Amino acid sequence: MKGRSPSDLLLVARQVLRKPQFWFGLAMLGPLIIWYIWFAFSPILRAFWMAVVEYKILQPDQSPFVGLRHFRMLFEYSLFWVSIRNTLVYAAVFYVGMVPLAVFVSACLTSVARGRNFYQFVIFLPVVVSLVAISLLFKMLMNPQLGQINLILKSVGIPPSQFLTSHETALYSVIGVDIWKALGFYVVILTAGMLNIPEEMYDAAKVDGAGIWQRFWRVTLPLLGHTLTLVSVLIVMHGLQVFTQVVVMPSQPGGPGNATYVMNLLVYNEAFTNLRFGFATATAFTLFVFVFLITVVQLRLLRPTWSY
Amino acid sequence: MAALLEQIRVAVIHAILLAIAFTSVMPFVWMFFGSFKSYVELTSGESLVPQAWTVDNYRAIIFRANFPQAFWNSTIVSLVVTGCVVLTSAAAAYVFAKYRFWGKEQLFIVILSTMMVPFAVVLVPLYVTIADIGLNNKLGGVIVPVLFSTFGIFLMRQFLEGIPSDLIDAGRIDGASEWWIFSRIIIPLSTAPMAALAVFTFLFNWDNFLWPLVVLTSPQSQTLPLVLAGLRSLYWERYDMWAAGSMLTVAPVMLLYAVAQKQFIRGITMTGLKA
């Protein structure tokens with residue numbers, strides 16, 4: 001670079017400008033960069049700013065700086081702690097329910113050859129269906145008096161449940177529906193991962209006298225490492241960002257009482273019901289911290305150091 | 001003996017899978033039949049299949065709850081966004097996969113990093129951005145923030161890296177223009193991931209709830225999920241109406257799924273294995 005005179009640089013520039021690749025690349029990436037700056041990067045940067053000012057909706061330029069006051073207010077706000085508790089419980093129960101079930105169903109799917117596509121087709125069906133429709137559907141099925149689920153429970157002698165209408169069961173009812181809906185998504189990923197494990201691994205284990213359980217625990221699960229890590233990260237992100245179901249399913253959003261009040265709902269309500277934009281964005285950042293920390297920890301703990 | 005045990009094992013696994021498949025599909029069957037029942041029969045009847053079929057629910061809902069307008073709005077949003085996302089993702093991915101320029105990887109990482117940020121963080125600032133350009137309460141306000149898809153660019157780049165560069169070089173030697181190479185070589189070779197991406201994008205936008213809820217406030221501009229959620233208060237506890245409304249929302253997606261099942265499954269598998 002050092003020995004180049006200005007005329008050399010001009011020559012290089014001229015060569016670049018004459019290349020058709022340069023113009024095509026510019027035509028493709030130019031709009032992309034403008035769009036990302038406008039609708040992705042600058043909203044993120046503006047979020048940082050909004051969290052530390054008292055946002056004035058009509059005169060944004062005159063919003064006074066308040067520092068960390070929103071965060072201090074949050075910590076004294078009881079609904080904030082309720083929403084954190086519900087969100088973490090939601091993500092944890094969703095995780096604990098989903099991972100074993102999805103791995104089990106995938107193992108079943110991998111071990112049958114005939115009918116696999118048919119089963120996959122049907123189990124994946126709830127994934128494609130609109131979440132609002134599913135929420136309404138289960139709101140009907142879970143009606144304590146008229147709902148089909150209680151009728152079925154009664155007919156086999158299990159005591160009926162209050163489901164969405166009771167404080168104790170509402171959150172778990174929503175989680176249960178979510179597991180039912182999302183199961184097929186994770187099953188498809190895990191099944192693909194399991195089918196990707198070379199057959200020789202199983203043959204070698206069989207020769208060594210490993211039974212079906214041993215093959216599952218010693219071959220399938222360890223070799224599934226990368227896929228399992230991905231699924232695990234996706235499941236947690238899914239659980240922490242629940243919103244639609246807790247708006248549509250209970251009698252009022254987040255209800256009954258605050259039983260299903262989650263962080264996304266707090267962000268939404270603070271912003272568009274109470275019009276406290278800065279406060280809402282500060283809440284969103286706390287959610288971000290949870291998502292980020294849990295994801296990083298998972299990647300550190302779970303990510304295998306090998307590949308095949 | 002061993003063969004018999006193996007047969008029993010296979011039979012048990014099939015039974016388990018059948019039970020799960022049954023659980024997955026049964027609620028929809030109930031909803032389908034329920035939408036053709038009268039309110040009295042739906043809430044009291046023991047039988048799954050309606051004793052007296054009726055289309056009154058559908059008639060009431062179409063004429064009173066603004067469904068045709070919402071259907072149209074959802075169709076416009078989903079189709080426009082799907083078309084744009086597939087094109088922009090393929091074009092950007094091609095440049096990222098096959099061009100060499102200063103700062104390429106850094107730019108790619110910065111773009112990817114936006115996927116880490118939960119949507120809640122940008123909910124308010126993005127609303128302010130959209131309101132500033134006058135798109136709040138317009139379909140454009142739902143369309144513009146999703147014209148590019150980070151996930152789509154990532155997915156397409158993974159695929160395009162696998163296409164040999166020799167093909168592109170051969171085209172250049174023959175004097176083909178960059179646009180010709182992109183539209184006649186790259187696009188035809190990547191129909192599989194593009195179809196998968198299209199299906200996903202369509203579905204996501206057909207079902208999206210949070211962002212349209214923020215942007216679209218007047219009934220005339222609302223999309224299907226919003227109108228459907230509104231049935232809760234419009235028809236309080238009227239399960240017959242809810243079932244009919246849900247069927248109207250779900251039917252197009254189920255049709256699409258029945259036709260494009262392979263693309264759905266392949267799309268998920270591709271992302272799962274490459275990550």
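Which loop of chain A holds A:Pro256? I started there: A:Pro256 is in the loop between helix 12 (244-248) and helix 13 (263-272) of chain A. I kept in mind that this is a predicted model.

**Entry 1, the backbone at A:Pro256.** I looked up the peptide bond between A:Gly255 and A:Pro256 and found it cis, with omega at about -5 degrees. I noted the background for this: most peptide bonds are trans, and most residues other than glycine have a negative phi.

I placed A:Phe163 in the loop between helix 7 (148-155) and helix 8 (170-195) of chain A. Buried or exposed, I asked of A:Phe163? It is buried, with 23 other C-beta atoms within 10 Å, and the cut-off for buried is 20 or more.

Chain B gave me another non-glycine with a positive phi: B:Asn66, at about 65 degrees. B:Asn66 sits in the loop between helix 3 (56-64) and helix 4 of chain B. I counted B:Asn66 as partly exposed because it has 17 C-beta neighbours inside 10 Å.

I went through the secondary structure of chain A and got 14 helices and 0 strands. Next I checked the overall dimensions. For 308 residues, a compact globule would have a radius of gyration near 19 Å, whereas chain A comes out at 26 Å. I boxed the C-alpha atoms of chain A along the principal axes and got roughly 85 × 60 × 30 Å. Burial came next: 39% of the 308 residues of chain A count as buried. I also looked at contacts in chain A with a separation of 6 or more, and 68% of them are between residues 24 or more positions apart.

I picked helix 9 (residues 199-207) and helix 10 (residues 212-223) of chain A, whose axes come within 10 Å and cross at roughly 155 degrees. Angles over 145 degrees count as roughly antiparallel, so I wrote helix 9 and helix 10 of chain A down as roughly antiparallel to each other. The crossing of these two chain A helices is right-handed. From helix 9 of chain A, A:Met201, A:Tyr202 and A:Ala205 meet A:Arg215, A:Arg218, A:Val219 and A:Leu223 of helix 10 of chain A. By class, that contact has 5 nonpolar, no polar and 2 charged residues.

I then turned to helix 4 (residues 67-98) and helix 11 (residues 191-207) of chain B, which pack at about 145 degrees with their axes 8 Å apart. Helix 4 of chain B passes helix 11 of chain B in a right-handed crossing too. In the contact list I found B:Ser74, B:Val77 and B:Val81 among the residues of helix 4 of chain B, and B:Met194, B:Leu197 and B:Trp206 among those of helix 11 of chain B. The residues of this contact divide into 10 nonpolar, 6 polar and no charged.

Note on methods. Residues are numbered from 1 along each chain as its sequence is written. Chains are lettered from A and ligands numbered from 1 in the order in which they are written. This is a predicted model: local features need pLDDT of at least 70, side-chain atom pairs count only at pLDDT 80 or more; totals for chains, interfaces and linings use all residues. Helices (H or I, at least four residues) and strands (E, at least two) are DSSP runs, numbered from the N terminus. The radius of gyration is taken over C-alpha atoms; the globule rule is 2.2 Å times the number of residues to the power 0.38. A residue is buried if 20 or more other C-beta atoms lie within 10 Å of its own, exposed if 12 or fewer, and partly exposed in between; C-beta atoms are placed from the backbone. Two residues are in contact if their C-beta atoms, placed from the backbone, lie within 7 Å. Axes are lines fitted to C-alpha atoms, for helices over the stretch in contact, and angles run from 0 to 180 degrees between N-to-C directions. A crossing is left-handed if the near helix is turned anticlockwise from the far one by less than a right angle, and right-handed if clockwise. Ala, Val, Leu, Ile, Met, Phe, Trp, Tyr, Cys and Pro count as nonpolar, Asp, Glu, Lys and Arg as charged, and the others, Gly among them, as polar. Angles under 35 degrees count as roughly parallel, over 145 as roughly antiparallel, 65 to 115 as roughly perpendicular and the rest as oblique.
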